Amino acid sequence: MACLCYLSGMISIGRVAILGAGLLGASLARALKARKVAENISVWSRSESTRKKCADIPEVFNEVCSTASGAVSGADVSVICSPTKNIPEIAAEISSALKEGAIVTDVGSVKGAVCRKCAVALSGSKGLFIGSHPMAGSEKNGIDNSDASLFDGAACFVTPSGPSQEAGAEFLKKMWEAVGMRVSFVSPDLHDAIVARVSHLPHLLAGTLCFNASNFKDADLRNFSGPGFRDTTRVASGSPEMWDSIVSDNRAEIVSALKSYASDLDSLISCIESGDSEAVGQRLRLAKKYRDKL
């Protein structure tokens, strides 16, 4: 098991490897250092320019590595911070370099397929893969937008695949809590069903709303939009390339969520067409009650 110590009520991890120094990876590194959770942080990025930026903040990154395997050498925990389609590939790449008892996790927003593939990738290694998904982020990307407070108060999933991963899951729970997150244990498949409805569906709806607005030919609706339109569509500014991978990997649950939403939307259209203002009002009251409790 990875080295996890308690010093004066604080969690201390000897060495953490960050694989991918984008918004989430760099923010996690900043948070781990700011809260004195990690004594030593190594980092790897595919991008040479990003590695150079990491080297410019030695107070965050102790070692900048040219290979993922080099970054995880000696690490107690390695966090893969890449698009979901690349996570199993990186897990396979680092497999032989992991030390005894090392834990590998990720920040991907799809867990079922990722956890299954990564378990295979690490099956002959000295390490163990357990999925994570911090529900934190921004429509902005990259190390330049990284922020040590990104995880404060946000939800985080840890997705053990069985009893043999319970100790490792507890380790990850304490790590994510140490950077300010609220952690829940769920299975990888339940995770995918949940996030399809609270993360993936909202993003696709925001994108569709912008797509629909862009097809209005009588005026440029952006010149007349207020905070409601801006707030509702904020996440549509996220990276389309990242979402290509998410939609592909969580296709079944996303389709299920979209069909459920489409059914509710069809019902709303029928109520409005028939002039059933009471039914429309009831829906909006239930929606407000639900939203006000967030």
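Colleague: Which residues touch the most other members in the largest nonpolar core?
Modeller: Bear in mind that this is a predicted model. In that core, which has 42 residues, Phe 151 and Trp 176 touch the most other members.

Colleague: Which elements each supply at least two residues of this core?
Modeller: Strand E2 (10-19), H1, E3, E5, strand E9 (155-159) and helix H6 (166-178). H1 gives the most, with 7 residues.

Colleague: Back to Phe 151. What does it touch, not counting residues up to four places away in sequence?
Modeller: Phe 151 touches Leu 24, Ser 27, Leu 28, Ala 31, Pro 134, Ala 136, Trp 176, Val 179, Gly 180 and Met 181. Trp 176, on that list, is the other residue named with Phe 151 for touching the most core members.

Colleague: Helices next. At roughly what angle do H4 and H5 cross?
Modeller: Roughly 15°, and the axes come within 8 Å. The helices are residues 87-94 for H4 and 112-121 for H5. An angle under 35 degrees counts as roughly parallel, so H4 is roughly parallel to H5.

Colleague: Left-handed or right-handed crossing?
Modeller: H4 passes H5 in a right-handed crossing.

Colleague: Which residues meet there?
Modeller: From H4, Ile 87, Pro 88, Ala 91 and Ala 92; from H5, Val 114, Lys 117, Cys 118 and Ala 121. By class, the residues of this contact divide into 7 nonpolar, 1 charged and no polar.

Colleague: Switching to Ser 78. Buried or exposed?
Modeller: Buried, because its relative accessibility is 0%, and the cut-off for buried is under 20%. Ser 78 is found in strand E5, residues 77-80.

Colleague: What is Ser 78 in contact with, leaving aside neighbours within four places in sequence?
Modeller: Ala 17, Val 72, Leu 98, Ile 103, Val 104 and Thr 105.

Colleague: Last one, Lys 36. What is its phi near?
Modeller: Near 55°, a positive value in a residue other than glycine.

Colleague: Where does Lys 36 lie?
Modeller: In the loop between helix H1 (23-34) and strand E3 (38-44). With a relative accessible area of 64%, Lys 36 is exposed.

Definitions and conventions: Residues are numbered from 1 along each chain as its sequence is written. This is a predicted model: local features need pLDDT of at least 70, side-chain atom pairs count only at pLDDT 80 or more; totals for chains, interfaces and linings use all residues. Side-chain values use heavy atoms; hydrogens and water are left out. Axes are lines fitted to C-alpha atoms, for helices over the stretch in contact, and angles run from 0 to 180 degrees between N-to-C directions. Helices (H or I, at least four residues) and strands (E, at least two) are DSSP runs, numbered from the N terminus. Angles under 35 degrees count as roughly parallel, over 145 as roughly antiparallel, 65 to 115 as roughly perpendicular and the rest as oblique. A crossing is left-handed if the near helix is turned anticlockwise from the far one by less than a right angle, and right-handed if clockwise. Contact means heavy atoms within 4.5 Å. Ala, Val, Leu, Ile, Met, Phe, Trp, Tyr, Cys and Pro count as nonpolar, Asp, Glu, Lys and Arg as charged, and the others, Gly among them, as polar. Buried means under 20% relative accessible area, exposed over 50%, partly exposed in between (1.4 Å probe, protein chains only). A nonpolar core is a set of buried Ala, Val, Leu, Ile, Met, Phe, Trp, Tyr and Cys residues joined through side-chain atoms within 4.5 Å.
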